[in-house]
Amino acid sequence: MDKLTRQIIVATPKNPKEGYCRTVVLIIADDAKRGTIGLCITRPVPIIECICGICEQPPIPLFLGGPEGTNECFFFLHDQPKLAGKKKKIMAEGVFLSCIHKTDYFTEGNAKVITGFCQWDAHELRSEIRKGWWLLDPNPDPALILQHEPKKLWKDLTPRHYSLEFSEN
């Protein structure tokens, strides 16, 4: 199995890992010695309505990228090449990964702010894929990465690999 960077993994019902039910993860780094890092793109953080009436809604949705580094690491997935800078980290055609401070300039297009990340030891994720816990999408549709309907995203991606019966529970 080649490098997994810029690929998407989709959790299957066989995945026994707590917290990964119906998740879609974008792999942002993969190294044979150091392991794999991914961002869950299907776990929105609920917006809590302001009780004072003064606070504005966040301009960009916040997602929980995984259990590691929550509230310490923030990632910015977006479709604006100007914000990506000279050292563009391209995740898919027209999808860029940047540092969080760039969100101050975000005024149009699609984006997700992600806190936290998923991490696997060297070869751990490949073992989980072989066990059938994850489906691998080596050529993800860039539009799906920035989609803001997380339940729909998992449902859209899973049947591409095999047929599943879906329940709303």
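Of the 169 residues in the protein, 43% are buried. The model is a predicted one. It contains four helices and 10 strands, and from the N terminus these elements follow the order β-β-β-β-β-α-β-β-β-β-α-β-α-α. Among contacts between residues at least 6 apart in sequence, 65% link residues that are at least 24 apart.

**The open sheet**

- Five strands make up an open sheet with mixed pairing, arranged in the order β4-β8-β5-β7-β6.
- The edges of this sheet are β4 (62-64) and β6 (89-92), each of which pairs on one side only.
- On average, and with direction ignored, neighbouring strands of the sheet are turned by 30 degrees against each other.
- Strands β6 and β7 (residues 95-99) run antiparallel and are joined by three bridges; Ile 90 has Phe 96 in β7 as its bridge partner.

**Nonpolar cores**

- The largest nonpolar core has 23 residues, of which Ile 8, Val 24, Leu 26, Ile 41, Leu 77 and Ile 145 touch the most other members.
- At least two residues of this core come from each of β1, β2, β5 (74-78), β6, β7, α3 (142-145) and α4 (150-157).
- As a general background, nonpolar side chains in soluble globular proteins tend to be buried together.
- With neighbours within four places in sequence left aside, the contacts of Ile 41 include Ile 8, Val 24, Leu 26, Phe 63 and Leu 77. Further contacts of Ile 41 are Lys 112, Ile 114, Leu 144, Ile 145 and Leu 153.

**Lys 112, a residue of β8**

- Lys 112 belongs to strand β8 (residues 111-115).
- With a relative accessible area of 0%, Lys 112 is buried.
- The side chain of Lys 112 reaches the backbone oxygen of Ile 145 at 3.2 Å. Ile 145 is itself a member of the largest nonpolar core, and both Lys 112 and Ile 145 are in contact with Ile 41.

- Leu 64 and Pro 44 are 20 residues apart along the chain, and their C-alpha atoms are separated by 6.1 Å.
- Not counting residues up to four places away in sequence, Leu 64 touches Cys 40, Arg 43, Val 45, Thr 70, Ile 114 and Thr 115.

**Cysteines**

- A disulfide is a covalent bond between the sulfur atoms of two cysteines. The number of disulfides counted in this model is zero.
- Cys 118 is buried, at 1% relative accessibility. The closest cysteine sulfur to that of Cys 118 belongs to Cys 40 and lies 5.8 Å away, which is too far for a bond, because a disulfide requires the two sulfur atoms to be within 2.5 Å.
- Cys 21 is situated in the loop between β1 (8-11) and β2 (24-31).
- The relative accessible area of Cys 21 is 55%, and Cys 21 is therefore exposed, since the cut-off for exposed is over 50%.
- The C-alpha atoms of Cys 21 and Val 10 are separated by 9.5 Å, and the two residues are 11 residues apart along the chain.

Definitions and conventions. Residues numbered from 1 in each chain as written. Predicted model: local features only at pLDDT ≥ 70, side-chain atom pairs only at ≥ 80, totals over all residues. Heavy atoms only, no water. Pairing = 2+ DSSP bridges. Axes fitted to C-alpha atoms, helices over the stretch in contact; angles between N-to-C directions. Buried < 20%, exposed > 50% of the residue type's maximum accessible area, 1.4 Å probe, protein only. Polar contact = N/O pair within 3.5 Å; in protein donor to acceptor, adjacent residues only side chain to side chain. Core = buried A, V, L, I, M, F, W, Y, C linked by side-chain atoms within 4.5 Å. Contact = heavy atoms within 4.5 Å.
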